[in-house]
Amino acid sequence: MKTKRIKDLFHNGVPDENATIQGWLRTKRELKEFTFIEVNDGSSLKNLQVILDKTISNYEETIVRLNTGSSVEVSGTLATSPGKNQNIELKATTIKIYGDSNPETYPLQKKRHSFEFLRTIGHLRNRTNTLGAVMRIRNSCAMAIHKFFQEKGFMLIHTPIITVNDCEGAGDLFKVTNFDLSNIPRNEKGNTEYTQDFFGKPAYLTVSGQLEAEVMAMAFQNVYTFGPTFRAENSNTSRHLAEFWMVEPEMAFCDLEGNQDVAEEFLKYVFKSVLQSCPEDMEFFNKYIDSTVLETAEKITNKKFERITYTNAINLLENSNKLFEYAVEWGIDLQAEHERYLAEEVFKSPVIVTNYPTVTKAFYMRLNDDQKTVAAMDILFPKIGEIIGGSQREERLDILEERLQAQNIITEDLSWYLDLRRYGTVPHSGFGLGFERMVQFMTGVKNIREVIPFPRTPLNAEF
Ligand code: 4AD
Ligand code: MG
């Protein structure tokens, strides 16, 4: 490609007598003899300043057509800038306008826009500084995740998006059907006749790729899946999406201790890598969004995570003298307020809570010897609460069957999953990282809807 990315121009610096860039105009400033425009091409937070003067053919006509949002291609010489706000600028010899933009109707103005407003223009909001920086951090996180697992010899696997299981047993499933919804086939009892549906039985969008990841781990030892997951939970909060991306490693011959070690090493690696690859964007968040993000990210890479049991966590909460909305007693499912209290006030750092009461967790988690708790682990972050949920899996056939029965799950549907325990079962563990929660934490943005290009939440699926 003959064009260059603005990020590389800043990186390589002058001299460059033959630079061509393409992008979208952010600002225009007309002086008597020249016009300055700033162009952004999405490769960096910084705009490139371009100087246009009367040596440009059709100067007057071109200048009139240039507006915020127009798409342009500019060629010229990159030079040191005398201005105080930038160190390089492009002295244009030619400019081509690809697409005009009407300043009367283009919704992005030079002022700051609220996140709520920007969500209504999801097709244009990525052209703002903040969303641009978020998406670059998101990209960098995704790359670091793959790098971490690939360097450790994990195999990338693709788990299905359409499934017939409710992995988490929480019933928050979106149904997948090709029935005509105004004319659903029913049997004589009036129940839906699923045998006539596309798959011949009820099917759903997956809530987790874990069960299939377990299948793959039983052949390849260490695997990971990184894909979209769907939950029809009606929680309109700043940390829930109906469609979000999850990273799920699954490791054969690995216990809860090993699971915690991998999760901690993994988070540290990704944070470190993003700090290294996106320093400018991270500084932007620290300056304009949350003045603690750099310090917290550094801390995550350096400080060992606290590890406590659920029972100890309950003791800490009970002795906190804090009035929580949800009352604390042994056996409850920890709520976001409890999780945040532990991470923000007690430990002031990430904390791994292990061994939750059996009743609060999914059927696949390994029963501990006390018969009351399972080998679960949740990683809690300040401001976010739970960022990772995982466990050692129940590898003993008889106990797994009992757990399924206790939760009224039909074992025939999961006979393939039980087969993994019949043939060459091994201790194994894994976890799921909420990818958007990670990006949210890293950037400090308050609402998870800002860290995914097209958020899906209750009553909201635009674009
Ligand atoms: O704790 P969860 O439900 O765990 C599982 O699904 C396991 N099967 C994972 C595994 O062991 N392989 O979800 C994992 C993570 C949570 O810790 C949270 O970060 C994120 O997924 N998460 C959500 N993120 C955004 N919106 C939602 N509605 C989320 N629900 C869970
Ligand atoms: Mg969880």
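The model is predicted: local features need pLDDT of at least 70, side-chain atom pairs count only at pLDDT 80 or more, and totals for chains, interfaces and linings use all residues. Residues are numbered from 1 along each chain as its sequence is written, and side-chain values use heavy atoms, with hydrogens and water left out.

Start with the layout. Domain 1 covers 6-106, and domain 2 covers 126-155 + 244-451. These bounds come from an automatic or database domain assignment. Taken over C-alpha atoms, the domain centres lie 45 Å apart.

Now look at where the domains meet. Nine residues of domain 1 contact eight residues of domain 2, contact being heavy atoms within 4.5 Å. The area buried between domain 1 and domain 2 is about 750 Å², with 41% from carbon and sulfur atoms. Buried area is the accessible area (1.4 Å probe) that two parts lose on being put together, summed over both.

One salt bridge is counted between domain 1 and domain 2. The term means a side-chain nitrogen of Lys or Arg within 4 Å of a carboxyl oxygen of Asp or Glu. Glu-280 pairs in this way with Lys-46, their closest N and O atoms 3.1 Å apart.

The whole structure holds 28 salt bridges. Glu-257 and Arg-307 form one of them, at 3.7 Å between the closest N and O atoms. This pair links distant parts of the chain: Glu-257 sits in helix α6 (residues 256-277) and Arg-307 in strand β12 (residues 306-309), 50 residues apart. Helices (H or I, at least four residues) and strands (E, at least two) are DSSP runs, numbered from the N terminus. Glu-257 is partly exposed at 47% relative accessibility, and Arg-307 is partly exposed at 26%. Here buried means under 20% relative accessible area, exposed over 50%, and partly exposed in between (1.4 Å probe, protein chains only).

Stay in helix α6 for the next pair. Glu-264 and Lys-268 lie four residues apart, about one turn of the helix. Their closest N and O atoms are 2.6 Å apart in a salt bridge. Glu-264 is buried at 6%, and Lys-268 is buried at 16%. A salt-bridge network links Glu-257, Asp-261, Glu-264, Lys-268, Lys-304 and Arg-307.

Finally, Lys-322 meets Glu-345 in a salt bridge (3.2 Å, N to O). Lys-322 lies in the loop between α9 (310-318) and α10 (336-346) and Glu-345 in helix α10, so the pair ties together parts 23 residues apart in sequence.

Terms used. Chains are lettered from A and ligands numbered from 1 in the order in which they are written.
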